[in-house]
Amino acid sequence: MGKPPNLYSFASTDDLVPPLRSYVLNCQNAALERHGKFSVAVSGGSLPKTLARALLAQGDGSAEDRVQFGKWEVFFADERCVPLDHADSNYKLLKDELLDKIPGDLGRPAVFPVDEAYLDDVQEMADQYEKALVSSFAARDSVKLPLFDLLLLGCGPDGHTCSLFPNHPLLRESDAWVLSISDSPKPPARRITLSLPVVCHGLKIAFVATGAGKRDIMRKIFDTDEGHTLPCGLVNDGGADKVSWFTDNDAVHGVGFPRRGSL
Ligand SMILES: O=C(O)[C@H](O)[C@@H](O)[C@H](O)[C@H](O)COP(=O)(O)O
């Protein structure tokens, strides 16, 4: 097993937002230096709201603290098989919370939503999304797996992440980059998701988990053997010290796993 993941904990979500911004901007700046683009995959749930707070905040005016949205490529770590303007759509969530609020002078990200033409066929939707990734990544880097500069993920109360659920056969998928699921325990049932190997391959992988509702699952993920079998635990093990958790004290109350002091 590789090095342990980094667990950061802050007094509140308010206190988590500035370090999350610094972390994302460090990833952005390193990516821009490396290849002039910043490829990000984003989940749904509570993440887009917290992310928007971090990225739309007033910066300190320095070059390093500038969000260069015009150089971002935004993909979806998972998506629900619904129209893009549906209340359940992760694209709509991100658009409402963040994309529509980006000030013009920060540039417009290139955003890659799922193709609505395939709403009737979730497997085809996954295949088409994989094709979009192939065009963006394989064409650029001729890689076996897409290398996201950063994946921004949430953690469900059962330990799921993206639309990878505990004990689901999708966890064993090792070939496809994008998978379909028709029996998601969290509604809606039909979704697409990045595969576990793609998530773990990311250059940096960040989880944001806040609130007392996450306490039990955080203890399980970090302090028990069973935690290593849960999707979030599998990402911890597969991604090792590329993984960072941004949590508040409520979420990690009683967790024995050592926290890291600062970024
Ligand atoms: O579309 C989805 O359902 C999400 O991508 C899912 O994986 C989410 O990130 C977690 O369920 C955590 O959600 P919360 O942050 O709202 O707890």
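Reader: In which order do the seven strands of the open sheet stand?

Author: This is a predicted model, in which local features need pLDDT of at least 70 and side-chain atom pairs count only at pLDDT 80 or more, while totals for chains, interfaces and linings use all residues. Residues are numbered from 1 along each chain as its sequence is written. Helices (H or I, at least four residues) and strands (E, at least two) are DSSP runs numbered from the N terminus, and two strands pair if DSSP finds at least two bridges between them. The pairing in this open sheet is parallel, and the order is β1-β10-β9-β6-β2-β3-β5.

Reader: Which strands stand at the edges of the sheet?

Author: An edge strand here has a single partner strand, so one side of it is left without a neighbour in the sheet. The strands in that position are β1 (6–10) and β5.

Reader: How many bridges join strand β2 to β3, and how many join β2 to β6?

Author: Strand β2 (residues 38–42) runs parallel to β3, and in that pair A41 stands opposite F75, while S39 stands opposite E73. Strand β2 also runs parallel to β6, where the bridge partner of V42 is L152. The bridges number five to β3 and three to β6.

Reader: Which residue of β5 stands opposite V74?

Author: Strands β3 and β5 (residues 110–111) pair in the parallel sense over two bridges. Opposite V74 in this pair stands V111.

Reader: How many of the five residues are buried in β2, and how many in β3?

Author: A residue is buried if 20 or more other C-beta atoms, placed from the backbone, lie within 10 Å of its own, exposed if 12 or fewer, and partly exposed in between. In a regular strand the side chains alternate between the two faces of the sheet. From β2, F38, V40 and V42 point one way and S39 and A41 the other way, and all are buried. Both strands are largely enclosed by the rest of the structure, because the buried residues number five of five in β2 and four of five in β3 (residues 72–76).

Reader: Which residues come nearest to the ligand?

Author: A residue counts as near if its C-beta atom, placed from the backbone, lies within 6 Å of the molecule. There are 14 residues around the ligand, and those that come nearest are S43, G44, G45, S46 and G154.

Reader: Is N167 buried or exposed?

Author: N167 lies in the loop between β6 and β7, and its phi is near 60 degrees, a positive value in a residue other than glycine. With 10 C-beta neighbours inside 10 Å, N167 counts as exposed.

Reader: Which residues does a cis peptide bond join?

Author: The second residue of the pair, P188, lies in the loop between β7 (178–181) and β8 (191–194). Omega is about -5 degrees at this bond, which joins P187 and P188.
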